[in-house]
Amino acid sequence: MSAVLSIEALTVALPPGADRPHALEDVTLGLNANEILCVVGESGSGKSMTAGAILGLLPEGVHATAGRVILDGRDLLTMTEEQLQKIRGARIGMIFQEPMTALNPLRTIGDQIGEMFRIHTPLGKAEIENQVLGLLRDVHIPDPEAARRAYPHELSGGQRQRAMIAMALALEPRVLIADEPTTALDVTTQAQILKLIRELQQRKGTAVLFITHDFGVVAEIADRVAVMQRGKVVEEGRADEVLNRPRHPYTRALIAAVPPLAPPPPKVVTGEPVLRIEHVSKTYRKGGLLSRNKRVTHAVKDATLSLPHGGTLGIVGESGSGKSTLARCIVRLLDPDSGSILLGGKDLARLSRAEMRAETRNIQMVFQDPFASLNPRRKAGELVAQGPMVHGEGRAKALARAKELFALVGLDPNATERYPHEFSGGQRQRIGLARALALEPKVLVADEPVSALDVSVQAQVLRLLADLRERLGLSMVFITHDLRVAAQICDRIAVMKEGVVVEEGPTAEVFTAPRHPYTQALLASVPGRTWTPPVSPDAAAEPSRPSAEPALAP
Amino acid sequence: MRILLLALRRAASSLPTLLILLIGLFLLLQLAPGDTVDALVAQIGGGDPKMIEELRRFYGLDVSVAVQLGRYVWRLLQLDLGFSAIYGKPVSAVILERLPATLLLMGSSLSFAFAAGMALGVFSARRVNKWPDTIISTLGLVFYATPSFWFGLMGIVIFAVHLGWLPAGGLEEIGAGYTGLRRILDIAWHLVLPTLTLALIFLATYLRIMRASMLEVLTLDFVRTARAKGLSPGRVVSRHVLRNALLPMVTLIGLQAGTMLGGSVVVESVFALPGLGRLAYEAVVQRDLNTLLGIVFVSALLVIAVNFIVDILYARLDPRIVT
């Protein structure tokens, strides 16, 4: 089988002053007709740069210095901008990660898809309209006629991504580049979109270059896999080979970091409940006195859960399921409308603002986004010391304690003098943890603490969390949308859907014998659920719940 | 339907604004020493107390402030702006005489500032950090930092006095008796300098906002999508970037309408234009409360109208706005 698109010894230079001289170094890849090649790697591995280099859409100051990109016998790198414009869209289609922002918010879906025909073909208006409708039908959008007239904000994330796919495939390009097309989607939507891409690819014989960081997705969809690390392709081969018998140490490490979907043997948690959530409800009301479209959203409806002492309660669900609202109610960032939250004999829901501030000693929260949740203008040590200082501790003592906490979460104690932007994502999440632990809480509420992190960093932070729980006797409420992560860290799991807890039980039970249809659907949607990451010899040497890895070099 | 609802809501919510403004100004002017009759009497060279009292009763100034305010608001509801003692005719007539000049000046300045600011901003953003951008940005800063009366005076000195290309002031050639098209051209010719003077500062603001807004929109994901679709750079800008970048500009028009009305006082004085700005100044000096309140009323209506149009325009431009 000959390659439709071949990348030969491609090197892309970064502007001087970047962290490395080359974004891509000597990358050689061949993409055959009628196959899906997954390019997988962590952030900064150069996988998106590869897509940019093929289409000539590299950022300012970044350009290819060597190599060739051959499509139908012609080198794309030597083409002029005008020639490339005829290739883009018509011969190579592209799908992006964020369906929310990848479409122009001010123009209708039909208009934006139709633009493909207007710029590349001489078709008339009526004919274009027909084609657009046909495309929207092909991607199984409900009510294609309405979707054509809709603006992007009027569609759901999954529908937007379908429209995006319809647009990319409008002119039946031989090559489709999909850059993390399902990363921003919920797991059930992701499963549908992956199925759609597979279906269309097989029907039209398209060659797909699929960029992702998620090995689950790779296991789901790839025919062949190329693993990238720091701008180089370190391993390439058939999906089955790479996933189950990885050869390169980096691939092995990455795959070892993927949490298996099967939960580990259950830990016996016998403690009394430390936190009891009883009949908690929270409703959002939109629109005031004069507003015409009042809307009432039942974010959390009558949730009752309990967290045993020393245990971890996972709350899983898709976006909009109310899991974050519930987490915020527990720490009283939001006031629940009704119900009680019992922590150590006190009902947090009944406390006044001032009483709650005193009670924050016992319950703390870790947030999802390590970039946005730290004040960029304050030093990391101050951010950690702030909590104890608010609760009356002296500044010098609190700062000294911050240094100890830095060591505890595996950071260099001397790094307290730095600002948040000087740390990597994983390190920032450690700062967030240190900040939450500074008050020595009994209960930690972690809202998607590892969702923004690369898989290897995610594994480190998860190990750290498990270790801290053990050493400090913490109890934890762990919010996540990732069932693999939940399987590994939680003792009990609660599944939420549209504000309601639909199922709750020990992790192993929920995963092996889900009772509620929604739980079953969720589990069936996990990408690569049939694939169990192989335990590599070097990973097996580690204990199942290892202590925190040595302090990171600053 | 969406836009009609929005229009109704906005119209309803601007009424309290208008009322608060008028009451506030009425009370403020009560605090200033002297009233219309004092000014009138001073103008005619004094008079006996009986006549002054008679005048006060005639103009309704002998009752308490609350009653005066009540009467005023009641008359306003009937669209009656009152009678100007100084000009000797209804306030509405006085204002209507002066309104066209101000409207012309504002309209032309706003259009010019918006169009030129937008064009220069787009041009600048597409050559960001290259020399055309640097020149335009520097020029913008110069316009912004220089007071408009200075521009006006220098314009008069250079173009009217030295070169003799443009008239130094006035709205039209008085006594020339032009009619029809000839008159329109004459007025346009007279308005060139005032328009430029008033517009330059606003042009600088629009230019900077447009440039920043273009640069921001150019980094958004859908621009990358557009390029990946195979659109030419020009088409990416015209079909995808421009409309998105215009949104903050449109907001700015509404915010600046009031500022521009204030700026026109200076420009009208410099160029001796018979507009609302100068009328307001004269009304303050002469304690002509009725006229002044009338001007405030009309100006507020103007600003509210501009903002109303801007809101509707914004809703037209951005489908995400819901009532």
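**Chain contact, domains, a sheet and a helix pair**

Across the boundary between the chains, 22 residues of chain B are in contact with 25 residues of chain A, two residues being in contact if their C-beta atoms, placed from the backbone, lie within 7 Å. The model is predicted: local features need pLDDT of at least 70 and side-chain atom pairs count only at pLDDT 80 or more, while totals for chains, interfaces and linings use all residues. Residues are numbered from 1 along each chain as its sequence is written, and chains are lettered from A and ligands numbered from 1 in the order in which they are written.

On the side of chain B that touches chain A, two or more residues each come from α1 (2-31), α9 (221-228) and α10 (233-270) of chain B; helices (H or I, at least four residues) and strands (E, at least two) are DSSP runs, numbered from the N terminus. The largest share of this side, six residues, is given by α9(B). Its residues divide into eight nonpolar, six polar and eight charged, where Ala, Val, Leu, Ile, Met, Phe, Trp, Tyr, Cys and Pro count as nonpolar, Asp, Glu, Lys and Arg as charged, and the others, Gly among them, as polar.

Within chain B, the domain assignment gives domain 1 (9-91) and domain 2 (96-317); such bounds come from an automatic or database domain assignment. The centres of the two domains of chain B, taken over C-alpha atoms, are separated by 33 Å. In chain B, 25 residues of domain 1 are in contact with 15 residues of domain 2. On the domain 1 side of that contact, α1(B) gives the most, with ten residues, and the side has 16 nonpolar, six polar and three charged residues by class.

In chain A, four strands form an open sheet in the order β2-β1-β4-β5, with antiparallel pairing; two strands pair if DSSP finds at least two bridges between them. The edge strands of chain A are β2 (22-32) and β5 (74-75), each pairing on one side only. Strand β4 (residues 63-71) of chain A pairs with β5(A) over two bridges in the antiparallel sense, and Asp75(A) in β5(A) is the bridge partner of Ile70(A).

Elsewhere in chain A, the axes of helix α10 (residues 249-257) and helix α16 (residues 455-472) come within 8 Å and cross at roughly 50°; axes are lines fitted to C-alpha atoms, for helices over the stretch in contact, and angles run from 0 to 180 degrees between N-to-C directions. In this contact, Ala253(A), Leu254(A) and Ala257(A) of α10(A) meet Val455(A), Ser456(A), Gln458(A) and Ala459(A) of α16(A). By class, the contact of α10(A) with α16(A) has five nonpolar, two polar and no charged residues.
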